[in-house]
Amino acid sequence: MQFRGRINRIFPVQSGTSSQGKEWSRMDFIFEYFEQPTDRYADRVLLSIMNDRIKEYDLHEGNEVIIGFSHNTREYQGR
């Protein structure tokens, strides 16, 4: 699915090392969009980008962007 909206808030980059010894980094941000052009209130979702994509996309608060994403969940530790 693709949505046109804007970057509402960007959180600090988090980083660490995986259990396999690989370095990782993640940046969370809030994406605000209108599902229908006639909607009165915007929907907001928290999205994340990881590793090299952080520099590739160079996001800034207030940027108008088109974002495509799909959602999927997996069970982790019984939740």
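Start by selecting Asp-28 and Ser-48: their side chains make a polar contact of 2.4 Å. Bear in mind as you click around that this is a predicted model.

Stay on Asp-28 and bring up Arg-26 as well. The side chains of these two residues are also joined by a polar contact, this one at 3.2 Å. If you colour by secondary structure, you'll find Asp-28 in strand E3, which covers residues 23-33.

Next stop, the largest pocket. Select Phe-29, Ile-49, Tyr-57, Ile-67 and Gly-68, the lining residues that lie nearest its centre, out of 13 in the lining. The volume here is about 320 Å³. Now highlight strand E4 (43-50), helix H1 (53-57) and strand E5 (64-68): each of these supplies at least two residues of the lining. Colour the lining by class and you get ten nonpolar residues, two polar and one charged.

Last, go to the second largest pocket by selecting Ser-70, His-71, Asn-72, Thr-73 and Arg-74, which line it. Its volume is about 230 Å³. Keep the class colouring on: the lining of this second largest pocket has no nonpolar residues, four polar and one charged.

Key
Residues are numbered from 1 along each chain as its sequence is written. This is a predicted model: local features need pLDDT of at least 70, side-chain atom pairs count only at pLDDT 80 or more; totals for chains, interfaces and linings use all residues. Side-chain values use heavy atoms; hydrogens and water are left out. Helices (H or I, at least four residues) and strands (E, at least two) are DSSP runs, numbered from the N terminus. A polar contact is a pair of N or O atoms within 3.5 Å; within protein, one must be able to donate a hydrogen and the other to accept it, and residues adjacent in sequence count only if both atoms are side-chain atoms. On a 1 Å grid over the protein atoms alone, a cavity is a set of points where a 1.4 Å probe fits but cannot get out, and a pocket is an open set with protein on both sides within 12 Å along at least five of seven lines; lining residues have an atom within 4 Å of a point. Grid points are joined across faces, edges and corners, and a volume is the space filled by probe spheres set on the points. Ala, Val, Leu, Ile, Met, Phe, Trp, Tyr, Cys and Pro count as nonpolar, Asp, Glu, Lys and Arg as charged, and the others, Gly among them, as polar.
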